[in-house]
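Please describe the structure shown below in a short report.

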Amino acid sequence: MRYMNFTQTITVRSEHPEELVKLLDDWDRNQASADIMGYIGTHLLADREDPGSYLIVAEFAVVDPDVSAVDEAARNNDRPETQEWARKLLEVIDGDPAYHHYDELYRTG
Amino acid sequence: MAGDTPEHVLLVSRGMATAVAPDDGITHVQAELLHAITLALTGEDVNYLELEPLGSDELADVLRERDQTYRQRIVHHMVLGELVLRPLPLEVSRRVEVYATAIGVEDRFVRVARRYAMGAYGLAWKDLQRSGFTEHWEQADRSALRATVDVSGPFEGGGADPELEAKWEAFRELPEGSLGRSVWQMYDGRGFALPGSAHGPSPYLAQHDFVHVIADYGTNLKGEVEVFAFLGRADPDPKGFAWLATLIGLFETGYIEDTGFFERDVREHNVRAPGMSTRLADAIARGKAVCEYYETDLFEVDYHELAPRAVEEVREMLGVVPKSAEALASDSPGIFDRAGMSELQRRIADARAGGEA
């Protein structure tokens, strides 16, 4: 059975993409040695038409069939380390991040 | 599992089969692999396709008197049964965790499999790296590697190290049949760059090349699966399972893309290939024999010290037993057999031998 994933996007402006990469890499390293959560990985994309604009795409999946991926993401959002990460994000971006939330309808393979 | 009663083996097999079976039943790949492992380790011929289910609590009862190490190895067999599945159903990974918990085992490789099932492949590889390699590397005595430049990680080449390269080159002068001369012949015959040279492998990873010679396994992908199954099980620390988990991810299911020492290659499934279950199981059984006899991670052995000795003598010292008749019948090639080389390695070997096909 295939469960529906959930994606959160965060659009930011930054002059320090290397800091964004480091922030995400540190997050992943910590997640890899932690208990299983719904978080499964991130993409960081640079906008070719709008230099300085970046899109962070964070994916969440089902861990327990009784808990949806969106609920896993909500649990993740409530964790102190997530709040701390969001605080650090503000230090390396200009202005406020724009958050959007998506349910996955289709995926290749 | 050796010395266990047939009844005990059957019960454990039923538990493992129940844990790893997808909803529509255990797959042929899983059944063949677990059958081969059970046969190699216990001598019992169990048909995994026709077993009655056994619940996690019942399995816990069966294993109640067994020590932690034994139970953890059973969990690793279950994880192995999961890792050959792609996709790996979430339900299977959860069930294996339930069984592991029931028998009192908290194991990081169960967690890795759960990440695969979720589609968290990148995190799974980071987890596997950390659990199997990085943490150990940080604590390991690395003097046996003989590197003279700083090597930052288990799979980092560390750049050119002329002194180390010279030590490996000097193996050429050792007597025919010695460990050092044999490993040099393996490198030279296949055109491999020596450790310490600009394009050479990491000195840590090069340790496994001595084991290719000692355990007599080829250097194509199937030979790599065999040698790492052997090495992993020879390690008294269960972390050794990371090697086999990694090789299956690289060369069978493709869950792992690039390790820094091998890249994913699933043009052919290297575990479900004919005879490979038997070969892999025999490698595990031979590794287990070394584990019980020598009680040392083979990555920590000072092979440079042993290099002048005859290969046979080193085998005896480590407690390496011959390949089983079943593995030989399944065409497990030796280190210098052409069948144990990749196509590219064969071409290089032919060119070096003067162009004979």
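Accessible areas come from the Shrake-Rupley method with a 1.4 Å probe; for residues, only the protein chains shown count as cover. The model described here is predicted. In this model, chain B has an accessible surface of about 14600 Å², and 48% of that surface belongs to carbon and sulfur atoms.

**Overall build of chain B**

Chain B contains 17 helices and 0 strands. Its radius of gyration is 20 Å, close to the 21 Å given by the globule rule for 357 residues, so chain B is as compact as a globular protein of that length. The C-alpha trace of chain B spans about 60 × 40 × 40 Å along its principal axes. Of the 357 residues in chain B, 57% are buried. When contacts in chain B between residues at least 6 apart in sequence are considered, 69% join residues at least 24 apart.

**A covered helix**

Helix H6 of chain B runs over residues 108-118 and is mostly covered, with 10 of its 11 residues buried. Among the buried residues of H6(B) are Phe109(B), Val110(B), Tyr116(B) and Met118(B). Arg111(B), Arg114(B) and Arg115(B) in H6(B) are buried too. What do the buried residues of H6(B) pack against? In chain A they pack against helix H1 (17-32) and strand S2 (39-46). In chain B they pack against H4, helix H5 (90-102), helix H7 (121-139) and H12.

**Enclosed spaces**

Rolling a probe the size of a water molecule over the atoms shows where empty space is left. The count comes to 3 cavities of 30 Å³ or more.

Helix H4 (68-83), helix H11 (221-234) and helix H12 (241-251) of chain B each supply at least two residues of the lining of the largest cavity. That lining includes Arg73(B), His76(B), His77(B), Phe228(B), Arg233(B) and Phe241(B). By class, the lining of the largest cavity has 6 nonpolar, 4 polar and 2 charged residues.

The residues lining the second largest cavity include Asp141(B), Arg142(B), Tyr204(B), Phe299(B) and Glu300(B). By class, this second lining has 5 nonpolar, no polar and 3 charged residues.

**Backbone exceptions**

Most residues other than glycine have a negative phi, and most peptide bonds are trans.

Exposed means over 50% relative accessible area.

Is the peptide bond from Arg86(B) to Pro87(B) cis or trans? This bond is cis, with omega near 0°. Pro87(B) lies in the loop between H4 and H5 of chain B.

**A residue of chain A**

Val70(A) has its place in helix H2 of chain A, residues 69-78. With a relative accessible area of 38%, Val70(A) is partly exposed. Val70(A) and Asn5(A) are 65 residues apart along the chain, while their C-alpha atoms are separated by 7.6 Å.

Technical notes:
Residues are numbered from 1 along each chain as its sequence is written. Chains are lettered from A and ligands numbered from 1 in the order in which they are written. This is a predicted model: local features need pLDDT of at least 70, side-chain atom pairs count only at pLDDT 80 or more; totals for chains, interfaces and linings use all residues. Side-chain values use heavy atoms; hydrogens and water are left out. On a 1 Å grid over the protein atoms alone, a cavity is a set of points where a 1.4 Å probe fits but cannot get out, and a pocket is an open set with protein on both sides within 12 Å along at least five of seven lines; lining residues have an atom within 4 Å of a point. Grid points are joined across faces, edges and corners, and a volume is the space filled by probe spheres set on the points. Helices (H or I, at least four residues) and strands (E, at least two) are DSSP runs, numbered from the N terminus. Ala, Val, Leu, Ile, Met, Phe, Trp, Tyr, Cys and Pro count as nonpolar, Asp, Glu, Lys and Arg as charged, and the others, Gly among them, as polar. The radius of gyration is taken over C-alpha atoms; the globule rule is 2.2 Å times the number of residues to the power 0.38. Buried means under 20% relative accessible area, exposed over 50%, partly exposed in between (1.4 Å probe, protein chains only). Contact means heavy atoms within 4.5 Å.
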